[in-house]
Amino acid sequence: MTAKEYLQQAYRLNELIDSDVHELERLRDLAGRISSPNFGERVQSSRNLDAPFVKYLGDIMEMEEKIQKELCRLVVLKKQILAALESVADREERLLLTYRYLNNESWEQIAEDLSVSMSTVHRIHASALRNFPVPNQG
C-alpha cells in the first residue's frame with residue numbers, strides 16, 4: 001500500500017460516514033411524514049395497522065449502528081495515522097498531511113493555512129508522501 005492509499009483510508013471513511021449521515025437524515029424525514037388515510041374500499045383481507053413511520057424504524061436503527069461502527073473505525077484509524085505522522089520530520093509536510101487526510105481540507109484551504117502558493121502545496125505534498133512511513137498492515 002502506498003502512502004497516499006494509506007492516508008486516504010481516513011479521508012474516504014469520513015466521506016462514507018457523511019454519506020451515511022445524509023441517508024439517515026432522509027430516513028428520519030420519511031419516518032416523520034404523515035400519510036393520509038385511505039378510506040377507499042380494500043379488496044385485501046388483512047390490513048397493516050402500523051403507523052407509517054414504523055416501517056422506517058428498523059432501517060433507521062440499522063443505519064445508526066452502521067454509522068457508529070464506522071465512527072469507531074475512523075477514530076482508530078486516525079490514531080494510527082497520527083502516530084505515523086509523528087515520524088515525519090518536516091513540520092510543513094506533517095501539517096499538510098494532517099490538514100488534507102485527517103481534517104479533509106481542500107488544497108486551497110491548505111495553501112491558505114500554510115501561507116504558500118498552490119504549486120508549493122503540491123510540491124510539499126509530493127515530498128510528504130515520499131517521506132511518510134507507511135505502517136505495516138499486520
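Q: What makes Ala-84, Ser-87 and Val-88 count as residues that Pro-133 touches?
A: In this predicted model, Pro-133 touches Ala-84, Ser-87 and Val-88, leaving aside residues up to four places away in sequence. The word rests on a cut-off: contact means heavy atoms within 4.5 Å.

Q: Why is Pro-133 called partly exposed?
A: Its relative accessible area is 35%. Buried would need under 20% and exposed over 50%, so at 35% Pro-133 is partly exposed. You will find Pro-133 in the segment after helix 5.

Q: Why does Ser-127 count as buried?
A: The relative accessibility of Ser-127 is 16%. The limit for buried is under 20%, so Ser-127 qualifies. Ser-127 belongs to helix 5, which covers residues 118-131.

Q: What makes the pair Ser-127 and Glu-93 a polar contact?
A: The two side chains come to 2.4 Å. A polar contact asks for N or O atoms within 3.5 Å, one able to donate a hydrogen and the other to accept it, and the side chains of Ser-127 and Glu-93 are listed as making one.

Q: Which other residues of helix 5 are buried, and what do they pack against?
A: Along with Ser-127, the buried residues of helix 5 are Val-121, Ile-124, His-125, Ala-128 and Leu-129. The buried residues of this helix pack against helix 1 (3-32), helix 3 (91-102) and helix 4 (107-114).

Q: How do you know that the span of helix 5 is close to the expected value?
A: Helix 5 has 14 residues, and its first and last C-alpha atoms are 20 Å apart. At 1.5 Å a residue, 20 Å is also the expected figure.

Q: Why does the span of helix 2 agree with what its residue count predicts?
A: Helix 2 takes in residues 54-85, which is 32 residues, and at 1.5 Å a residue it should span 46 Å. Its end C-alpha atoms are 46 Å apart, so the two values agree.

Q: Which residues of helix 2 are buried, and what covers them?
A: The buried residues are Tyr-56, Ile-60, Met-63, Ile-67, Glu-70, Leu-74, Leu-77, Ile-81, Ala-84 and Leu-85. Their cover includes helix 1 and helix 3.

Q: Why is Met-61 called exposed?
A: Met-61 has a relative accessible area of 54%. Exposed means over 50%, so Met-61 passes. Met-61 is a residue of helix 2, and its C-alpha lies 9.1 Å from that of Leu-24, 37 residues away in sequence.

Q: What makes the phi of Asn-104 and of Ser-115 worth a look?
A: Most residues other than glycine have a negative phi. Asn-104 is not a glycine, yet its phi is positive, about 55°. Ser-115 is not a glycine either, and its phi is positive at about 55°. Asn-104 lies in the loop between helix 3 and helix 4, while Ser-115 is in the loop between helix 4 and helix 5.

Q: Why is Ser-115 called exposed?
A: With a relative accessible area of 65%, Ser-115 is over the 50% limit, so it counts as exposed.

Q: What makes Arg-100 count as lying over the face of Trp-107?
A: Arg-100 is 4.2 Å from the ring centre of Trp-107. The rule asks for CZ of Arg within 6 Å of the centre and within 35 degrees of the ring normal, and Arg-100 is listed as lying over that face.

Q: How many helices and strands are there, and what pattern do they follow?
A: The chain has five helices and zero strands, and along the sequence it reads α-α-α-α-α.

Q: How much of the chain counts as buried, and how much area does it expose?
A: Of its 138 residues, 32% are buried. The chain exposes about 9,400 Å², with 50% of it supplied by carbon and sulfur atoms.

Definitions and conventions. Residues numbered from 1 in each chain as written. Predicted model: local features only at pLDDT ≥ 70, side-chain atom pairs only at ≥ 80, totals over all residues. Heavy atoms only, no water. Helix = DSSP H or I, 4+ residues; strand = E, 2+ residues; numbered from the N terminus. Buried < 20%, exposed > 50% of the residue type's maximum accessible area, 1.4 Å probe, protein only. Areas by Shrake-Rupley, 256 points an atom, 1.4 Å probe, with all protein chains shown as cover. Expected span 1.5 Å × (residues − 1).
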